[in-house]
Amino acid sequence: MSGKNQKNRGTILMRMFYPDRREKSAYTIDYADLYRKGYRGVIFDIDNTLVPHGAPATKEAAAFFASLRETGFSTCLLSNNQKPRVAPFADAVGSIYIENAHKPSVKNYQEACRRMGIKEEQAVFVGDQLFTDVYGAKRTGYSDRADQSERGNSDRSETVSGAHCTVLL
């Protein structure tokens with residue numbers, strides 16, 4: 001392989017771990033604009049994306065999910081956490097969920113779309129981890145954008161991705 005081809009391959013591989021755009025928070029993304037662009041489902045990670053790690057759902061999170069439903073979005077929580085963590089959060093915000101998702105495996109990103117009754121290209125994923133959330137979304141075929149984490153941890157940014165769609169956070 002020529003040096004130029006190796007460089008291009010390396011660049012393509014690195015893009016798999018980086019979002020296309022960074023935002024400040026999952027709560028400040030312009031979801032109405034995404035809806036106008038044809039997205040119909042939002043897949044969310046929970047910890048360090050919607051609330052601090054291990055925190056219960058807040059009133060803000062519940063109101064946020066209600067506003068997404070009012071806009072017309074279906075939602076699904078996709079978490080590597082176990083059911084005792086994920087189910088109560090999902091119940092509090094009124095969302096379907098997949099626990100123990102094995103991100104970055106693509107299987108449950110696809111399953112989330114199936115459960116929401118949408119095509120992969122109509123989904124957006126929002127999460128916080130480059131090596132699980134962004135990489136998994138991009139492996140599914142999602143493009144992605146991410147948001148600059150206020151935590152300041154350089155290997156973690158809040159991210160949003162979707163199959164053949166956009167990753168934001």
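Is Cys-76 buried or exposed? Cys-76 counts as buried, because its relative accessibility is 0%. Buried means under 20% relative accessible area, exposed over 50%, and partly exposed in between, with a 1.4 Å probe and protein chains only.

## The model

This is a predicted model: local features need pLDDT of at least 70, side-chain atom pairs count only at pLDDT 80 or more, and totals for chains, interfaces and linings use all residues. Residues are numbered from 1 along each chain as its sequence is written, and side-chain values use heavy atoms, leaving out hydrogens and water.

## Cysteines

The whole structure has zero disulfides (pairs of cysteine sulfur atoms within 2.5 Å). For Cys-76, the nearest cysteine sulfur belongs to Cys-113, 8.5 Å away. Cys-113 is buried too, at 1% relative accessible area.

## Nonpolar cores

A nonpolar core is a set of buried Ala, Val, Leu, Ile, Met, Phe, Trp, Tyr and Cys residues joined through side-chain atoms within 4.5 Å. The largest one has 25 residues. Tyr-31, Phe-44, Leu-50, Leu-77, Phe-89 and Val-126 touch the most other members. Helix 4 (83-93) is one of the elements giving two or more residues. Helix 4 gives the most, with five. Helices (H or I, at least four residues) are DSSP runs, numbered from the N terminus.

Another core lies apart, with 13 residues, among them Ile-43, Tyr-109, Cys-113 and Ala-137.

## Helix 3 meets helix 4

The contact (heavy atoms within 4.5 Å) uses Ala-61, Ala-62, Phe-65 and Arg-69 of helix 3. Helix 4 supplies Phe-89, Ala-92 and Val-93.
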